[in-house]
Amino acid sequence: MAVSNINGSGKLYVVATPIGNLADISFRAVEILKKVDLIAAEDTRHVKMLLQHYGIINKLVSLHQYNEDKASLVMLEKLREGLSIALVSDAGTPLLSDPGMPLVKMVKDAGLDVVPIPGACALIAALSASGLPVTQFSFEGFLPRTSSARKAFFTERLNSPKTWVFYESCHRILAALQDMAEVLPLEREIVIARELTKLHETIVKASLGDALDLVMHSENMRKGEFVVIVDGAAVDKEAQVMTPEQEKVLRVLLAECSIKSAVAMAVEITGVRKKVLYQAALVIDRDKKDQLICY
Ligand code: SAM
């Protein structure tokens with residue numbers, strides 16, 4: 001297994017590590033972690049446990065979100081000098097809601113090799129066991145932290161036909177589901193994948209209403225690490241639905257501009273389909289005219 005290039009520069013290996021169960025690592029990943037000249041790790045103490053488990057002794061340097069710009073420059077120099085480096089995060093695949101993006105970009109831009117060593121990823125593990133459509137999905141990383149930003153986030157995705165997935169922590173799982181229930185229909189199917197590959201692994205597929213009820217009433221369902229998957233909107237049924245907030249936006253715009261401009265702007269702001277907004281605008285406009293006639 002070559003860890004350097006013919007031109008003498010080293011290779012950067014992006015190595016996936018387990019998301020809980022230490023056995024979830026590839027033979028190739030273990031070999032690479034043994035052979036590289038150094039391992040750039042998000043938390044060096046954390047990765048030491050994995051290395052000890054596999055009897056790997058190697059040099060560790062830290063590369064985390066607070067030092068990654070500077071540390072990446074140092075790593076690039078080392079690669080140019082011919083050293084090979086493995087990039088690992090605390091769990092799963094680096095860069096997926098984890099550090100590493102600046103380093104990988106820098107190394108690619110410099111024309112050096114970046115080699116993926118695939119393996120565990122909470123997003124993919126959860127999707128694979130969810131039973132929801134995975135042909136097309138969108139990964140949203142972590143949700144915004146404030147309730148208003150979360151509701152805006154859900155509103156934007158209300159009519160999306162794709163499955164969407166996000167990561168959430170135990171501190172915010174309940175609040176996230178409560179906000180979701182204020183925006184999405186309670187019958188929408190979701191999957192909560194908790195503590196994947198660990199002792200208390202739980203994968204619940206239920207309607208949003210039932211899932212919220214479960215998380216609200218079971219303390220265990222608020223513990224650990226979470227991936228939440230939301231079924232896409234059934235296009236024909238839900239594309240006709242607008243939230244009260246979306247309708248309000250349309251009404252405000254209609255009070256100021258022509259139907260055409262109001263609809264065009266509302267498409268941009270709400271993400272609701274033009275046809276749906278246009279039909280709603282016609283109804284609002286007709287009601288307005290009817291009221292004028294009555295007076
Ligand atoms: N890079 C990682 C990956 O490939 O999945 C994700 C890192 S991100 C900082 C950590 C988040 O991923 C957690 O807060 C949780 O949402 C999700 N996660 C990680 N491990 C998990 C597990 N075993 N079960 C469920 N979710 C997990």
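The ligand sits in the largest pocket, where a pocket is, on a 1 Å grid over the protein atoms alone, an open set of points where a 1.4 Å probe fits, with protein on both sides within 12 Å along at least five of seven lines, and sitting in it asks that more than half of the molecule's atoms lie within 2 Å of its grid points. Please keep in mind that this is a predicted model, in which local features need pLDDT of at least 70 and side-chain atom pairs count only at pLDDT 80 or more, while totals for chains, interfaces and linings use all residues. Residues are numbered from 1 along each chain as its sequence is written, and side-chain values use heavy atoms, with hydrogens and water left out.

Around the ligand there are 19 residues, the closest being T93, D98, A122, Y167 and F226, and a residue is counted if one of its heavy atoms lies within 4 Å. This shell divides into 11 nonpolar, 3 polar and 5 charged residues, with Gly counted as polar and Tyr as nonpolar. Strand 10, a DSSP run of E with at least two residues, gives the largest share of the shell, 3 residues.

Which backbone atoms lie by the ligand's oxygen and nitrogen atoms? A backbone N or O atom of T93 is 2.8 Å from a ligand oxygen, and one of L96 is 2.9 Å from a ligand nitrogen, while a polar backbone atom of F226 lies 2.6 Å from a ligand oxygen.

Note on methods
Polar contact = N/O pair within 3.5 Å; in protein donor to acceptor, adjacent residues only side chain to side chain. 1 Å grid on protein atoms, 1.4 Å probe; cavity = no way out; pocket = protein on both sides within 12 Å on 5 of 7 lines; lining within 4 Å. Helix = DSSP H or I, 4+ residues; strand = E, 2+ residues; numbered from the N terminus.
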